[in-house]
Amino acid sequence: MKYQLIGVNHKSAPLEVRERLAIPASRLPDCCRDLTAHPGVEEGMIISTCNRVEIITQTSNGSADLRGFLHEHFHLTGDALDAHLYEFRNKDAVRHLFRVASSLDSMVVGEAQILGQVKEAYATARAVGSARGQLDQLFTRAFAVAKRVRTETAVGSSSVSIASVAVELAKKIFGTLQGKTVFIVGAGKMSELAARHLMAHGCASIFVANRTYNRAIGLAQKFNGQAIKFEDLYNSCDRADIVITSTGAPHAIFRREHGEQFLARRKNRPMFFIDIAVPRDVSPEMAKLDGIFAYDIDDLQQAVTGHVADRHHEAELAEAIITSEVERFEARLHTLDVVPTIVSLQDHLETIRQAEIDRVRGRMGPLTPDQEMAVEALTRGIINKVMHTPITTLKTAARDSEATTVITVVRRLFNLQVEENANTPQAGDGEKSNENTPNKNEVEPADA
Amino acid sequence: MALLWLRFALACYFIGLIYAFFALNRTSDLFSRIALHAASLGMVFHFVSLLELFLSGHVVWASVHNGESLLAFFSMTFFMIIYAIYKTTAPGIVVFPTVFFLTFVAAVDEQPVLLTAFVQHKGWLIAHIILIFTGYAALVLSFGASLLYLIQERRLKAKSPSSLISFLPALDVIDQIGYRSLLFGFPFMTFGLITGSIVAMSSYGKVDFADPKILLSILMWLVYMIMVFTRWNSGWRGRRAAVLATIAFIAAVVAWAANYFSAVHRFAAS
């Protein structure tokens, strides 16, 4: 297991730092390719959401310079970033990924969105070929773990989503949401969800503006709302009491002067901006205006901390599941570790068997096909019988920590070659390690 | 006897005062219920006290202390009306201390009835007193609401998690309480000043604009009008509204204090 993970999340880094590291979906494939081109990295993939950037790799020696990759890729100088980065290896990396996929590491613990985002990131990496055998195993397992956490604990059920927190905040500002107007800027899943919550609490009408006008129309139709051309955004935005903004714009689209215009036209009635975009859409300067209440992703997190405590117990259950799953995954990987040993042991004995048959064949003279088959069956049967216990022992040992010792002993006893590969089936290129998986299947019948 | 009832009322209001000191950082419902009941009981005592004064036959409210008592009672009435509409005790944070202070001063001792000079205009005088004090009470509420608005606005801006669980009502509700009190109080204040002028005119034959009491009253009324206008015209709220409300409040207090310097509005029989 040579997994390496580096990243930042909402706990380790402020929004300003995450903004700098965020990778837009359009650039993700290139980024994955760059990652696998980095020295020491065999497979790699990147998860970039508004709350986190995670780089997960399978490396040849377990110590690839991933920080170096980040510095190179984002043209960073100095070590300002380093304090915010976390780095995990092997078991810890697996645990972290499991926690992320299960939404235990999320800002709003238990929210379902992150699993979709991880799956999307994984699909991207698969498409460009940067995630193959090893990461494949890891992520398949991660998705299964996420599902298990979801079904076996209540972590996700009472999920205080960002959307419902937004509703509560809106109520703290407007009292009742009856008759309030919502403006969605940038049609996205998350803003749609937030809008749905707001409408369910009584908001009366909705406007949608999007760079792609057709998408705005599509979303507006869902809510019986009105689509607005993006150019008319500033002229019509003051009609909204609540603005949900999540564009992919690289800079703030709502600046101080816009806020002043809105307030003047609204006779200073307050406006609530739910800014779920990273980088942020509402400039901090505008958020300072009296009557503008702007909450970005981080602020919403702060607002939910109280609620998270309620689900502490469920989260503990989920953590226990994660721990046992990490153990299982590790054990499974170790089982793979013994596969080359078993294979070379079989090869070794097969070579001996063939050599012995060849040696005695001369003395026995020509054999009928039936006799030939009988000899084959006899010798093979002896070997399989003899092999049965050592192979079972190897496989059992693989699940414990003594795997390495047992493998070494077996190799020494039988004087097996390729000592180097014994514990590192992944060594070499990714393709090779990939071949190990089918091998294992071949071993299985011998075992049975 | 009236004084005794007032002192009972004061004891009840004391509970409200304690509540006001702790309410901002509390989310407990129990405490606000206790304060509410205590305040209601206090109002009953207070009402009995005022009724006794009235039944004694003189225009006894026209003494400084009884005037303060009346203002305290009106403020409490407003508080209760707001509670009935909005189900919030939050304005108590400002109203309770004000009421306690006014009642405390009024309950110190009995004062002789002093504004005897206007006894021939009794009807106008009573109208003047009631109108003006209603206006003052509305101003107290409006001032309280703008302070609460500032606090709630700060909390929402600071994005502290406490803003979600705080017992303060929604920003818009606080705003409505303040604005409605303001609108409600304005005509009372205006007519109160007019009736006051009528009493003065008929007593002295003219209104002396150089008199500090009259000057300050007009100033207060102007600030009041500016508040109503800016709010109606450009929706001033939050910090700017709070500044105006504070000015109006100070002007009102100063106008009240001017009784001691005024020649025409003197309580002491000269």
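User: Hi! Which residue is the bridge partner of G44(A) in β3(A)?

Analyst: Hello! That would be T57(A). One thing to keep in mind as we go: this is a predicted model.

User: Good to know. What about E43(A), which residue is its bridge partner in β3(A)?

Analyst: E43(A) is bridged to Q58(A).

User: How many bridges join β2(A) to β3(A), and do they run parallel or antiparallel?

Analyst: There are 7 bridges, and the two strands are antiparallel. β2(A) covers residues 41-48, and β3(A) covers residues 52-59. Together they make a hairpin, with 3 residues between the strands.

User: Which strand pairs with β3(A) over 7 bridges in the antiparallel sense?

Analyst: β1(A), made of residues 3-9, pairs that way with β3(A). In that part of the chain, N9(A) stands opposite R52(A) of β3(A).

User: Are the residues of β3(A) buried or exposed?

Analyst: Buried: 8 of its 8 residues are, so the rest of the structure largely encloses β3(A). Both faces are covered, with R52(A), E54(A), I56(A) and Q58(A) on one side.

User: Let me jump to R148(A). Where is its place in chain A?

Analyst: R148(A) sits in helix α6 of chain A, which runs over residues 133-152.

User: And why does R148(A) count as partly exposed?

Analyst: Because R148(A) has 17 C-beta neighbours inside 10 Å. A residue needs 20 or more to be buried and 12 or fewer to be exposed, so a count in between is partly exposed. Here is another detail on R148(A): its C-alpha atom is 8.9 Å from that of A318(A), although 170 residues separate the two along the chain.

User: Zooming out, how many helices and strands does chain A have?

Analyst: Chain A has 17 helices and 10 strands. Of its 448 residues, 43% are buried. If you take contacts between residues at least 6 apart in sequence, 73% of them join residues at least 24 apart.

User: How many helices and strands does chain B come to?

Analyst: Chain B comes to 9 helices and 0 strands. Its 270 residues are 48% buried. For contacts with a separation of 6 or more, residues 24 or more positions apart account for 81%.

User: How many residues of chain B are in contact with chain A?

Analyst: 17 residues of chain B are, and they meet 20 residues of chain A. The elements of chain B that give two or more residues to that side are α5 (122-158), α6 (162-165) and α7 (171-204). By class, this side of chain B has 8 nonpolar, 4 polar and 5 charged residues.

User: Tell me about α7(B). Where does its kink lie?

Analyst: The kink is at G185(B), about 25°, shortly before the proline P187(B). Over its 34 residues, α7(B) reaches 48 Å from first C-alpha to last, close to the expected 50 Å. Just after the helix, G205(B) has a positive phi of about 85°.

User: What about α8(B), which residues does it cover?

Analyst: α8(B) is residues 212-234, and its 23 residues reach 32 Å, close to the 33 Å expected. Its buried residues include M220(B), W221(B), V223(B), Y224(B) and M227(B). What covers the buried residues of α8(B) includes α7 and α9 of chain B. After α8(B) comes G235(B), with a positive phi near 65°.

User: Last topic, the largest nonpolar core. Which of its residues touch the most other members?

Analyst: Those are V208(A) and A248(B), in a core of 190 residues. α5(B) gives the largest share, 16 residues. There is another core apart from it, of 9 residues, among them V338(A), I342(A), I391(A) and I407(A).

User: Which residues is A248(B) in contact with, leaving aside neighbours within four places in sequence?

Analyst: The contacts of A248(B) are L139(B), M220(B), V223(B), Y224(B) and M227(B). In soluble globular proteins, nonpolar side chains tend to be buried together.

Terms used
Residues numbered from 1 in each chain as written. Chains lettered and ligands numbered in written order. Predicted model: local features only at pLDDT ≥ 70, side-chain atom pairs only at ≥ 80, totals over all residues. Helix = DSSP H or I, 4+ residues; strand = E, 2+ residues; numbered from the N terminus. Pairing = 2+ DSSP bridges. Contact = placed C-beta atoms within 7 Å. Nonpolar A, V, L, I, M, F, W, Y, C, P; charged D, E, K, R; others polar. Core = buried A, V, L, I, M, F, W, Y, C linked by C-beta atoms within 7 Å. Expected span 1.5 Å × (residues − 1). Bend = angle between axes of the 7 residues up to and from the residue.
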